[in-house]
Structures are given as C-alpha cells and as structure tokens.
Amino acid sequence: MAASPSSFEDSLKKLESIVEKMESGDLKLEDSLKLFEDGMKLTKECNQRLNEIEKKVKLLLKGASAKTKDEEN
C-alpha cells in the first residue's frame with residue numbers, strides 16, 4: 001500500500017530539515033547521499049504541486065477575465 005502524499009507544507013518542512021542536516025557537516029557520506037536523494041525527490045514533488053497549482057490559477061484567472069468581458073458587453 002502506497003503512503004498518502006504529504007501536504008506541500010509538510011514536504012517543504014521535510015526538505016528544510018534535510019538541508020539543515022546536510023549543512024551541519026556531521027553526516028557520513030552515505031547518510032548525506034541518502035538525504036540528498038530524499039531531498040531531490042521532495043523537490044520534484046513540490047515542483048509538480050506548484051505547477052499544478054499554477055495551472056489552476058491560470059484557469060481561474062482566464063475564467064474571471066472572460067466573465068468580466070461578458071459583464072462589460
């Protein structure tokens with residue numbers, strides 16, 4: 001069973017935590033690599049969510065613009 005997707009905010013918090021751990025410099029190479037891989041996965045997920053939201057906003061703005069033009073006529 002696949003895990004349910006985290007919210008954007010949860011993913012961002014996890015990503016920030018990974019960055020802090022990696023910046024500490026106290027990790028073994030293998031641990032750093034694992035965190036890097038996890039961070040890249042989270043980054044991809046966040047970017048996908050942002051792209052989806054951007055498309056929705058554009059559709060909403062387009063719909064609002066069309067409605068405004070109809071009201072002007």
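Buried means a relative accessible area under 20%, exposed means over 50%, and partly exposed lies in between (1.4 Å probe, protein chains only). The model is predicted, so local features need pLDDT of at least 70 and side-chain atom pairs count only at pLDDT 80 or more, while totals for chains, interfaces and linings use all residues. Residues are numbered from 1 along each chain as its sequence is written, and side-chain values use heavy atoms, with hydrogens and water left out.

**View A. Lys34 and Asp38 in a salt bridge.** A salt bridge is a side-chain nitrogen of Lys or Arg within 4 Å of a carboxyl oxygen of Asp or Glu; by this rule there are two. Here the N to O distance is 2.9 Å. The two residues are separated by about one helical turn because they are four residues apart in helix H2. Helices are DSSP runs (H or I, at least four residues), numbered from the N terminus. Lys34 is partly exposed at 46%, and Asp38 is partly exposed at 27%.

**View B. Glu54 and Lys58 in a salt bridge.** The closest N and O atoms are 3.7 Å apart. Both residues lie in helix H2, four residues apart. Glu54 is partly exposed, with 41% relative accessible area, whereas Lys58 counts as exposed at 53%.

**View C. Ser11 in helix H1.** This helix covers residues 8–24. Ser11 is buried, with a relative accessible area of 1%. Contact means heavy atoms within 4.5 Å. Not counting residues up to four places away in sequence, Ser11 touches Ser6, Leu42, Glu45, Cys46 and Arg49.

**View D. Ser32 in helix H2.** Helix H2 spans residues 29–72. Leaving aside neighbours within four places in sequence, Ser32 is in contact with Met22 and Leu27.
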